[in-house]
2 protein chains.
Amino acid sequence: MSTRSSKRQKTGDDQPYELIYWPTLPGRGEHIRLAFEASGTPYSDISNESKEGINVVLEQISDKNLGDDNGPPPLAPPILRHGSNVLISQTPNILLYLGPKLGLTPDTDNDPVGAYHVNALTLTALDGLSNEAHDTHHPIATGDYYEDQKPEALKKARDYRTNRLPKFLGYFQRVLEGPASKGGEYLYGGQLTYADLVLFQTVDGVIFAFPKCLAALRSSGKFDKVFAHYERVKAHEKIKAYLESDRRMKYGNGIYRHYPELDEED
Amino acid sequence: MSTRSSKRQKTGDDQPYELIYWPTLPGRGEHIRLAFEASGTPYSDISNESKEGINVVLEQISDKNLGDDNGPPPLAPPILRHGSNVLISQTPNILLYLGPKLGLTPDTDNDPVGAYHVNALTLTALDGLSNEAHDTHHPIATGDYYEDQKPEALKKARDYRTNRLPKFLGYFQRVLEGPASKGGEYLYGGQLTYADLVLFQTVDGVIFAFPKCLAALRSSGKFDKVFAHYERVKAHEKIKAYLESDRRMKYGNGIYRHYPELDEED
């Protein structure tokens, strides 16, 4: 057996991809689904495919799970299983793993630093447009109800709408204006990468959560390249088909929530 | 010129490492410093080496910076420059880049998935023991003073001490108990990786910020492996020398702050 085929087997390249995530909501699992969908890669979304699927999530995140010889236990989903030896967690980490396999990162031979740029853009979009968006409705305690931290949420959401959202949209506008985007159609290198999918999904999430605010930011004209990018990814043939399918789930009580009061000007 | 040497030149392997970060505080730059120090790698910490160094930080994060042909602009420091073609940002991304170069990730040939486990552990430590620790004193608005969000900070810190800190320490205890740690001395694979440096630094930070709480958690005996790991990394020959040097800066008004009221039981 050649080293090459031995490595392929070890990393599970010929094995099925299984997404281990909560059922019925897009959540952080959506970034992984979009990578599979955009590249036309078959995958199994186990907790949405059978009622028993959620048990796999619960076993993985159980306090009793110590992992195995191949890897540590995950703290939380999304988790990716690929063959018998690969089980990894953390959204940007799973995307980093999938990127080259799914053709969603720049070619390493031509651009050895490209994957790091795509990773940085991904981490930045998740920081500002996913994690911070979540914290607007849970500023005090993730484990408590929104209703129990509503006065604080009103303050946090105001800061988010006024300062943080424009800051992050302005950053991605600059990225798309910059020469490394190679024309501004995509974030990096003139081609679709998983960072584009993450930016699409996070912008879609904040549009759902803060529709009035995003409409105002859109009409300001300051972020035209970001909204054009959003529409471009949305119109991508495979993404469009996915968004129109019943595999695309509705937002609900996940990361992105639409509480009208958090979207209101004072 | 062989492909190999051509690639080496492209990725700047023979070039000096420059850390671009705020002066006078450990901050997120400390994870990068620890990687250089633990591996005995020379580096330049530019804003701590000259008064003019901070201008490089300010130019990089200026709203006018669009990046260049080689990469997008960074949103925020830490930023790593390595030769003329490599300029990357985001703490876990910089560590991902440095890991194999500094010998702080598992060998790819023997363990092709190891780097992803180290990345996931790093992301998890930064989530729960750095980002969330920061948010205890800035739960509402990063741009406002702590004094302007103190009632909310008291609530957030209580949740952090009671729920989040034990959750994350318990997670790393399980990682160190698990078979993939290969004995529990280090997080993964029985050898020092940059994830160990990140766990050390984040535990050190929360000990500074919440000394009473951490003393109580330590004496509970539930996280013995985490605290033994902390002491082990602290005693590592090169890390010990660094911590005793004047290059190790004191905590102040950065991510980790000691406000006694945030460390008090109700």
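## Salt bridges, sheet and interface

In this predicted model, the side chains of A:Arg248 and A:Glu30 come together in a salt bridge at 2.7 Å, N to O, the term standing for a side-chain nitrogen of Lys or Arg within 4 Å of a carboxyl oxygen of Asp or Glu. Because A:Arg248 lies in the segment after helix 11 (237–244) of chain A and A:Glu30 in helix 2 of chain A, the pair ties together parts that are 218 residues apart in sequence. Helices (H or I, at least four residues) and strands (E, at least two) are DSSP runs numbered from the N terminus. Over all chains the structure holds 24 salt bridges, and two are counted between chain B and chain A.

| Salt bridge | Distance, N to O |
|---|---|
| A:Arg248 and A:Glu30 | 2.7 Å |
| B:Lys155 and A:Glu152 | 2.5 Å |

Residues are numbered from 1 along each chain as its sequence is written, while chains are lettered from A and ligands numbered from 1 in the order in which they are written. Local features need pLDDT of at least 70, side-chain atom pairs count only at pLDDT 80 or more, and totals for chains, interfaces and linings use all residues, with side-chain values resting on heavy atoms and leaving out hydrogens and water.

Helix 2 (residues 29–38) of chain A lies across strand 1 (17–20), strand 2 and strand 3 of chain A, running at about 160° to strand 1 of chain A; such angles run from 0 to 180 degrees between N-to-C directions, with axes fitted to C-alpha atoms, for helices over the stretch in contact. In chain A, four strands form an open sheet of mixed pairing in the order 2-1-3-4, where two strands pair if DSSP finds at least two bridges between them. Its edge strands are strand 2 (44–45) and strand 4 (86–89) of chain A, each pairing on one side only. Strand 3 (residues 79–82) of chain A runs antiparallel to strand 4 of chain A, joined to it by four bridges, and A:Ile79 stands opposite A:Ser89 in strand 4 of chain A.

Turning to the interface, the contact (heavy atoms within 4.5 Å) takes 60 residues from chain B and 60 residues from chain A. Chain B and chain A bury about 5,200 Å² between them, 59% of it on carbon and sulfur atoms, buried area being the accessible area (1.4 Å probe) that two parts lose on being put together, summed over both. In chain B, the residues losing the most area to chain A are B:Leu75, B:Tyr116 and B:Arg174, together 14% of what that side buries.
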